[in-house]
Amino acid sequence: MKKMGKRFEIACYKNKVVNWRNKSEKDIDEVLQTHTVFSNVSKGQLAKKDELVAAFGTEDQLEICKIILEKGDLQVSDKERQAATDQSLKEVSQLIASMVVNPDTKRPVPPSVIDKALHEMHFSLKPNRNAKQQALEVIPKLRETIRIERAKMRIRVSMPSHEAKITHNRLKALFTEVEMEDWAEGGLEIVGLIEPGQFRTTDELVRNESRGHGRLEILSLKDVRDGELEIS
């Protein structure tokens with residue numbers, strides 16, 4: 001951390017810093033290697049007391065350590081940074097693989113295929129976006145280079161006859177494929193596939209229009225060929 005034109009550093013366990021910041025680690029001695037404030041940790045140069053007071057208004061080194069721990073920049077080596085980037089890319093690849101299928105075979109796409117395609121398109125991570133957001137954003141671009149599509153969800157909707165007749169056309173339009181439609185026993189039952197992005201709209205339609213008497217069930221989160229099921 002740089003304040004008042006001076007640099008202040010602390011020695012800590014890097015893997016514990018994130019835990020401290022998200023409140024999952026509460027014992028500061030598990031995070032700090034020492035309660036000492038440095039001007040340069042690697043050279044072992046201690047910060048001067050008058051500079052600490054000028055910058056932080058106190059010479060209490062533990063309190064200053066807490067401030068730096070909360071607001072300071074975590075220094076990582078090039079090797080550590082590359083390892084973190086590789087791990088994040090792997091996470092994005094695995095998330096995408098869990099969301100898509102081959103449109104021709106309806107079978108899962110291996111993460112290795114996704115990973116190779118991401119590298120070939122020079123995909124770069126955005127530090128302000130989480131892995132799921134980035135996975136969803138890059139899927140349309142991946143479609144330009146490899147054969148993929150979002151896997152469909154299989155659901156069952158049940159509604160009383162009166163409400164079903166009113167909402168039938170709107171409800172059916174939300175399905176990409178209707179596998180079964182039955183008006184027996186005084187109500188409507190539909191089983192079919194929907195795009196994951198349509199789930200909330202379908203759920204709200206069933207709940208609101210049926211006044212709590214309708215029901216939506218998820219039969220599978222990812223429809224794949226030969227009865228295979230992967231949770232996405």
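Trainee: What makes the approach of the Thr167 side chain to the backbone oxygen of Glu163 a polar contact?

Mentor: In this predicted model, the side chain of Thr167 reaches that backbone oxygen at 3.0 Å. The cut-off for a pair of N or O atoms is 3.5 Å, so the value of 3.0 Å qualifies. Thr167 itself lies in helix H7, which spans residues 161-173.

Trainee: Why is Thr167 called buried?

Mentor: The relative accessibility of Thr167 is 1%, and buried means under 20%, so the term applies. Leaving out residues up to four places away in sequence, Thr167 touches Met159, Leu205 and Glu209.

Trainee: Which annotated feature is listed at residues 153-221, and what is the secondary structure there?

Mentor: An unreviewed UniProt entry places the feature "domain: Ribosome maturation protein SDO1/SBDS C-terminal" at residues 153-221. The span is 35% helix and 41% strand, and its end C-alpha atoms lie 5 Å apart. For residues 90-151, UniProt lists "domain: Ribosome maturation protein SDO1/SBDS central", also from an unreviewed entry. Over residues 90-151 the chain is 52% helix and 6% strand, with the end C-alpha atoms 20 Å apart.

Trainee: How is the protein chain divided into domains?

Mentor: The division gives domain 1 (2-71), domain 2 (78-150) and domain 3 (153-220). The C-alpha centres of domain 1 and domain 2 are 37 Å apart.

Trainee: What makes the buried residues of helix H3 lie on the same side of H3?

Mentor: The buried residues of H3 (residues 61-71) are Ile64, Cys65, Ile68 and Leu69. They cover an arc of only 140° around the axis, and therefore share one side of H3. These buried residues pack against helix H1 (14-21) and helix H2 (49-56).

Trainee: Which contact is found at the start of H3?

Mentor: There, a side-chain oxygen of Asp60 comes to within 3.1 Å of the backbone nitrogen of Leu62.

Trainee: Why is Glu51 called buried?

Mentor: Glu51, located in helix H2, has a relative accessible area of 19%. That value is under the 20% cut-off, so Glu51 counts as buried. Residues up to four places away in sequence aside, Glu51 touches Lys6 and Phe8.

Trainee: Why is Gln75 called partly exposed?

Mentor: Its relative accessible area is 44%. Buried means under 20% and exposed over 50%, so Gln75 falls in between. Gln75 is in the loop between H3 and helix H4 (78-99). Apart from neighbours within four places in sequence, Gln75 is in contact with Arg7, Glu9 and Lys14.

Trainee: What separates the C-alpha atoms of Gln75 and Val138?

Mentor: Gln75 and Val138 are 63 residues apart along the chain, and 29 Å separates their C-alpha atoms.

Definitions and conventions
Residues are numbered from 1 along each chain as its sequence is written. This is a predicted model: local features need pLDDT of at least 70, side-chain atom pairs count only at pLDDT 80 or more; totals for chains, interfaces and linings use all residues. Side-chain values use heavy atoms; hydrogens and water are left out. Domain bounds come from an automatic or database domain assignment. Buried means under 20% relative accessible area, exposed over 50%, partly exposed in between (1.4 Å probe, protein chains only). Helices (H or I, at least four residues) and strands (E, at least two) are DSSP runs, numbered from the N terminus. The arc is that of the directions from the helix axis to the C-beta atoms. Contact means heavy atoms within 4.5 Å. A polar contact is a pair of N or O atoms within 3.5 Å; within protein, one must be able to donate a hydrogen and the other to accept it, and residues adjacent in sequence count only if both atoms are side-chain atoms. UniProt positions are given in the numbering used here, feature names are shortened, and annotations may be inferred rather than shown by experiment.
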